[in-house]
Amino acid sequence: AALIQEARYEVLLSTMWYESDDTGTSPGHVLGQGVKALYNRVKAHPEWYPRGMTVRILLDNPPEFTLSNLISQVWNVFNHMRYAGLPTMSDPEIGWKLEIANFDGSWPHGHTKMVVIDGKTTVAAGFNYQHKHQSKDHPSGKGKDDYDLGLQMTGPVAQTTRISFDDLWSGSNSIVCPDLGSDSPLWWVSCRREVAQAD
């Protein structure tokens, strides 16, 4: 979340498993708070972000028993963003754009867990957005001490990582929800599927 808030124009993130959250303590909850904090910065000082701000979150679509491309872990991301209080996916006036997509394919699925900030800083990770990667004494009571590593690097390697992300992103199932910030329990009715495109 701290790394995301330092972005100047772009955040790219992918993970394989992204759990729902009923305790307010999951890694996804932390991510939502980070994205909301970044949005607040852009909203308060759009002049600091002359290129705008794009946040892309890619779920790697491990096999699930679902009947639709819309029924998947992407809804967990939307719920965390709503819980954090993010009011919109798109605000052209300040250049804000949040895009969420599901990798196109379950057999095989994507297995990547990476973050790329502004094309110059990257994190290659082994952990997913799951409680099991938290410690057993975590307040959620769901931690399992499943230990894994994340390696943060700055330099040209980030460009290679960005190319890999773009390759996974292109053609994925992007979900656009114009009413993300609505108080209505039917906020999701306006959501639509599009083909994700790297730019």
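## Buried rings

A residue counts as buried when its relative accessible area is under 20%. In this predicted model, Tyr39 comes in at 6%, so Tyr39 is buried. Trp96, at 1%, is buried too.

## Aromatic pairs

Searching the whole structure turns up six aromatic pairs. One of them joins Tyr39 and Trp96: the ring centres are 5.2 Å apart and the planes sit at 80°, so call this pair edge-to-face. The pair ties together distant parts of the chain, since Tyr39 belongs to helix α2 and Trp96 to strand β4, 57 residues apart.

Then there's Trp75 with Phe78, whose ring centres are 5.3 Å apart with planes at 45°, so that pair is tilted. Both residues are in helix α3, three residues apart, or about one helical turn. Phe78 is buried, with a relative accessible area of 0%. Ring pairs also bring in Trp187, making a cluster of Trp75, Phe78 and Trp187.

## The nonpolar core

Phe78 and Trp96 show up again in the largest nonpolar core, which has 35 residues; they are among the members that touch the most others, along with Leu31, Val55, Ile57, Leu98 and Ile100. Elements supplying at least two residues each include β1, β2, α3 and β4, while α2 gives the most, with five.

Take Val55: leaving out residues up to four places away in sequence, Val55 touches Val11, Val35, Leu38, Trp96, Lys97, Leu98 and Glu99. A separate core of 10 residues includes Met114, Val116, Phe165 and Ala196.

## Charges over rings

Two arginines are worth a look here. Arg8 has its charged end over the Tyr49 ring, 4.8 Å from the centre. Arg51 lies over the face of Tyr9, 3.7 Å from the ring centre.

Notes:
Residues numbered from 1 in each chain as written. Predicted model: local features only at pLDDT ≥ 70, side-chain atom pairs only at ≥ 80, totals over all residues. Heavy atoms only, no water. Core = buried A, V, L, I, M, F, W, Y, C linked by side-chain atoms within 4.5 Å. Buried < 20%, exposed > 50% of the residue type's maximum accessible area, 1.4 Å probe, protein only. Helix = DSSP H or I, 4+ residues; strand = E, 2+ residues; numbered from the N terminus. Contact = heavy atoms within 4.5 Å. Phe/Tyr/Trp six-rings, centres within 6.5 Å; stacked < 30°, edge-to-face > 60°. Lys NZ or Arg CZ within 6 Å of the ring centre and 35° of its normal.
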